[in-house]
Every structure is written in structure tokens, then in C-alpha cells.
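I opened a new notebook page for this model. I wanted to look up its charges first, then its overall shape and its strands.

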Amino acid sequence: MADVGFEWPDWALDMLIGISPNEVMQVLTKQRRWPRRGRGTAGMEMLTIWGRTAAGRPLIVGLRQAEPWQWQIVAARTMSPEQVTEFEKWEQENQ
């Protein structure tokens, strides 16, 4: 099986507000994460990964596939209270 790689476009790093690149990587590399289809604000289709940082902070990370095993990290944000509720339900169902 090929290794999956992640890369940061410079503009995506510039758009992180209140979230460190390290927190994003924690979400992407944890075993328990919830992949879901999503759309960016401009309507761009992406894969979103819902997960928690090592400290337990719930984040959503947006990815765009660049190559078969390479993904660009294009967005990251904190989950809304409604999303946290949905994610916690998923966590309980997938223990």
C-alpha cells in the first residue's frame, strides 16, 4: 500500500487562524478520524476529515487530491457546536 502524503500550499498556511499546522497534522494522522465529502466556500469539492487534536480539540480539515496518493491541505477550522454534537455521536457509534 502506498503512503499518503500531505502538502500545504503557501496560501493555505496563510489562512490558518487560531489553528497551528501541528494541530492539523494531528487530526490527519490519528487513527480515529471521520472522512466526509464537503465543499469549500467557493463551491470547490473536497474531502473533509473530522477529528480531534492530541489535546482533544475538534477540528475539520479540508483536503483536495493533487495526485493518487498526495493531498493538499486547503482548509482547517474548529467545529461548530452542532458539528461537535454530530461528531460525538459518530465517535460513540464507532468506538
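I began with the charges: the mean positions of the 11 positive and 12 negative ones lie 5 Å apart. Lys and Arg count as positive, Asp and Glu as negative, while His and the chain ends are not counted. I placed each charge at NZ of Lys, CZ of Arg, CG of Asp or CD of Glu.

I noted the ground rules. This is a predicted model, where local features need pLDDT of at least 70, side-chain atom pairs count only at pLDDT 80 or more, and totals for chains, interfaces and linings use all residues. Residues are numbered from 1 along each chain as its sequence is written, and side-chain values use heavy atoms, without hydrogens and water.

Next I read the element order, β-α-α-β-β-β-β-α. That gives 3 helices and 5 strands. Both are DSSP runs numbered from the N terminus: helices are H or I with at least four residues, strands E with at least two.

I checked burial, meaning under 20% relative accessible area with a 1.4 Å probe, protein chains only. Of the 95 residues, 37% are buried. In strand β3 (residues 45-52), 6 of 8 residues are buried.

Then I followed the pairing of β3; two strands pair if DSSP finds at least two bridges between them. β3 runs antiparallel to β2 (residues 34-39) over 6 bridges. It also runs antiparallel to β4 (residues 58-67) over 6 bridges. T48 of β3 is the bridge partner of R36, and G62 in β4 is the bridge partner of T48.

Last, I looked at the turns. The β2-β3 hairpin has 5 residues between its strands, and G43 there has a positive phi of about 85 degrees. The β3-β4 hairpin also has 5 residues between the strands, with G56 at a positive phi near 95 degrees.

Terms used: Buried means under 20% relative accessible area, exposed over 50%, partly exposed in between (1.4 Å probe, protein chains only).
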